[in-house]
Amino acid sequence: MDQEELGKLEARCIQEQPPACVAACPVHVDARAMAAAIAEGDFASAAKIFKKSVPFPGIISRVCDQPCQAVCKRGEAGGAVAVRALEKACLAWAEGGMESGFLPPGKDKRVAVAGGGLSGLTAAFDLAKKGYSVEVFEKEARLGGSLFRFSREQLPEEVIAADLKALEKVGVTIRLSVRAGEDISLESMCSDFDAVYLAPGQQPAGGLGLGLDAAGRWVIDPFTLGTTNPKVFAGGSVRRPPGKRSPIESIADGRRAAVSIDRFLQKVSLTASRSGEGPYETRLFTNTEGIEPLPATPMSAGAAGYSKEEAVLEAKRCIRCQCLECVKVCEYLNSFKSYPKKYIRQIYNNLSIVMGHRHANKLINSCSLCGLCEEVCPEDLNMGLVCKKAREIMVDQGRMPPSPHDFPIRDMLFSNSEKCALARRQPGTSACRYLFFPGCQLSASAPDHVKKTYGFLCEELEGGVGLMLRCCGAPAEWSGRAELFSDTFSDIVAQWQEMDRPQIILACSTCYEVFKTHLPQASVISLWEVLDSSALPDVLGEGAVRGRALAVHDACSTRHEKHIQESVRNILRRLGFQIEELPLAGERTECCGYGGLMFFANRELARNVIGRRIRQSEADYVAYCAMCRDYLASGGKKTYHLLDLLFGSPPDGDAQRKGPGYTLRRENRARLKNALLEELWGEKPIGMEKYEKIRLRISDELRELLERRQILDSDIQQVIDFAEQSGTKLRSSRTNHFLAHWKPAAVTYWVEYAAAEGEFIVYNAYSHRMEVKEGAGP
Amino acid sequence: MKQKDATPAESEWLCSKCGLPLEIGKVDVGYLGSVFPVDLYRCSQCGQVFVPEDIAQGKMAEVEKLLEDK
């Protein structure tokens with residue numbers, strides 16, 4: 001990932017875009033932050049936020065024409081937030097003195113401003129604050145221009161006077177009763193001053209000799225407010241159609257002119273990096289669904305404005321516009337307490353770091369890669385793709401920590417070892433029109449279902465149904481091990497070609513996705529589509545009652561496979577079940593916690609994901625992926641596998657069964673292969689390793705601990721085998737138990753045990769990855 | 001990483017092969033290219049080392065995590 005790619009990805013997360021009110025405001029008053037402060041009763045901070053953006057807060061808080069109102073998202077639920085009234089309230093109720101103004105050292109350049117209305121005075125104020133010497137020429141005997149058109153009730157003269165005092169403070173010179181173009185010509189202004197801002201309200205007759213358009217109006221560049229004379233800028237009401245005055249736009253013009261004049265006098269570009277000035281449309285998306293409508297807070301004191309309490313109430317109506325669409329639906333994104341824009345930056349930094357702590361490893365490895373974020377993102381940003389890419393880079397750099405993925409990768413290698421992997425044509429036929437690929441997890445979780453389904457397919461389908469038992473390689477792909485994946489998958493492709501390229505029937509949605517992506521030349525079909533188009537076996541699983549509603553948990557890898565989701569629902573309907581749709585279903589379904597190897601990288605998060613998912617409905621669930629079923633059931637939810645309803649519950653229990661542990665999962669796969677080899681193909685089963693014959697006695701309590709520690713019976717058997725063969729073990733003088741260790745690959749396993757009547761009682765086992773250098777020495 | 005003083009649970013182990021009680025000694029423990037000398041119980045004759053459960057699941061696991069993220 002390079003800087004450019006990073007920038008593009010970051011830009012797609014819109015959480016940091018300004019809310020609509022701020023973007024629509026010509027001077028970008030941060031109304032959201034102001035309302036947040038008022039809602040906390042902090043009027044002083046609110047006033048500070050407001051004053052930061054406007055030069056004459058008293059005036060503006062009474063006469064602003066509020067372009068924010070039309071775009072306020074609260075407008076969709078009860079009416080726009082009364083921003084101007086809140087501005088007025090924060091000035092009224094702010095406690096504490098005036099902020100001390102800081103003036104930079106004076107500059108030797110002079111600026112003339114013609115027109116003492118809001119626009120001219122804003123330009124004068126901003127330029128004086130930058131250190132320029134500014135003179136304002138006003139044709140009337142007082143400053144304020146069209147401000148006096150407002151009623152005195154709305155805008156008392158004292159408020160105008162108080163606000164305009166700010167001009168004195170910054171040292172602006174005021175020349176009253178001087179009409180530009182008559183009492184002082186533009187030529188003399190241009191020769192006496194370094195730049196001129198014309199804000200006369202109305203264009204003087206004759207146009208002072210500046211270039212005019214076809215309608216006889218000054219030619220003014222809307223971006224810089226420059227005229228045909230490079231020293232002269234013009235703006236304010238003179239730019240608006242007659243009768244369309246806008247106090248806030250006049251201020252914005254004054255501010256824009258001040259920026260242009262400052263740049264002009266500093267001889268830098270008038271146009272570079274100015275896109276944020278003036279009103280624009282924000283890209284921020286804010287979902288108002290489910291927001292309870294609330295009408296605007298009434299003002300009990302009328303024109304005097306909000307009381308403190310009323311202002312707080314009104315400020316609380318602000319919905320604090322933000323996006324967070326993905327964070328709302330994804331426990332992973334939520335659990336790291338920020339949002340994708342920040343995450344992407346953290347991930348980038350993590351990949352770029354040469355020396356130091358890599359804080360984002362867990363962030364990168366915890367994502368399920370399920371793609372729900374992309375579905376809900378207004379800009380289709382997919383954090384899964386970012387995390388997957390990051391994992392690949394980490395593996396490439398040799399920076400992928402071994403512990404998160406080592407165990408599932410070893411499990412994959414076991415599935416693809418001679419002990420479990422199998423590829424055969426249908427017994428008794430050389431034709432192979434179809435190939436059933438049940439997937440490693442169904443074989444591990446419910447081997448009986450694999451047998452029955454294969455039998456059913458052989459009966460139903462003509463032309464020969466081959467069988468391939470193994471893992472599709474998804475764990476390698478998820479963990480960023482591209483090379484390992486490619487090696488694994490090429491074995492499958494070779495065998496598929498050898499079997500005359502049959503159509504592949506997939507029981508696992510992840511396998512389906514892997515085959516569809518990496519073997520596009522193959523015809524693939526989901527088992528559910530096949531079953532949907534045949535007569536159904538229907539040996540209902542234990543406890544399942546026809547007519548009752550089942551909530552369907554769609555596998556996240558079927559997100560864009562509507563036909564699979566439909567087939568599943570058809571089968572359920574044909575079996576006589578009602579279907580309940582979960583709030584997140586179909587293309588918005590969520591992962592069960594297994595995808596992307598989340599469970600192995602962040603067990604606590606995966607448990608929360610499961611917990612959140614199983615609380616979405618009271619109904620029993622039905623899943624059509626072995627891992628989804630086992631994970632949801634591990635949280636205590638009654639969850640059927642769709643095959644439970646077709647072929648009956650497996651021997652180890654009904655929808656409440658927790659699913660086999662790691663050791664049994666491996667044994668199930670190996671036994672399945674041997675059973676099928678013997679029963680269907682009449683072949684000799686694969687022999688056992690010597691250590692596998694060691695019989696262990698393990699209490700239920702210890703079994704649970706071993707599961708959490710990811711220690712398999714075969715690990716324990718190997719330790720005991722080594723210890724008993726070599727005699728290398730410790731003995732307790734207290735209990736006579738033995739303690740021995742063995743390091744078959746990356747992990748060292750320790751086992752405390754005792755021999756008893758042809759078996760070994762296991763008391764404890766633990767492991768570590770750190771390598772201990774042993775051997776005789778001083 | 002320093003092993004705490006001998007507790008009954010730790011000093012109860014003998015090397016089964018050599019029949020000798022274990023003694024504290026410096027053992028090199030390494031991970032991902034980093035190596036630290038650590039005080040661990042070991043057999044003074046054959047060098048068999050004892051890593052107690054609390055160290056494997058505690059301090060060692062912490063250091064492993066630290067080194068993996070380094």
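Predicted model: local features only at pLDDT ≥ 70, side-chain atom pairs only at ≥ 80, totals over all residues.

Start with the layout of chain A.

Now zoom in on helix 9 of chain A, residues 157-169.

Which residues of helix 9 of chain A are buried? They are Val159(A), Ile160(A), Asp163(A), Leu164(A) and Leu167(A). Look at the spacing. An α-helix has 3.6 residues a turn, so residues three or four places apart point the same way. Down the axis of helix 9 of chain A, the buried residues fall within an arc of 115°, so they line one face.

What do they pack against? The buried residues of helix 9 contact helix 5 (57-63) and helix 8 (118-129) of chain A. The face away from the buried side carries Glu158(A), Lys165(A) and Glu168(A), which are exposed. After helix 9 of chain A comes Gly171(A), with a positive phi near 80°.

On to chain B. Chain B has 2 helices and 4 strands. From the N terminus, the order in chain B is α-β-β-β-β-α. Chain B has 70 residues, and 24% of them count as buried. Take the contacts in chain B with a separation of 6 or more: 46% are between residues 24 or more positions apart.

Last, the interface. Here 30 residues of chain A are in contact with 28 residues of chain B. On the chain A side, the elements giving two or more residues are strand 16 (730-732), strand 17 (738-742), strand 19 (759-768) and strand 20 (771-772). Strand 19 of chain A gives the most, with 4 residues. By type, the chain A side divides into 10 nonpolar, 12 polar and 8 charged residues.

How do the strands run where the chains pair, parallel or antiparallel? Strand 16 of chain A and strand 1 of chain B, residues 13-15, run antiparallel, joined by 3 bridges. To find the spot, go to Ser732(A), which stands opposite Trp13(B) in strand 1 of chain B.

Definitions and conventions:
Residues numbered from 1 in each chain as written. Chains lettered and ligands numbered in written order. Expected span 1.5 Å × (residues − 1). Buried ≥ 20, exposed ≤ 12 C-beta atoms within 10 Å, placed from the backbone. Arc of directions from axis to C-beta. Contact = placed C-beta atoms within 7 Å. Nonpolar A, V, L, I, M, F, W, Y, C, P; charged D, E, K, R; others polar. Pairing = 2+ DSSP bridges.
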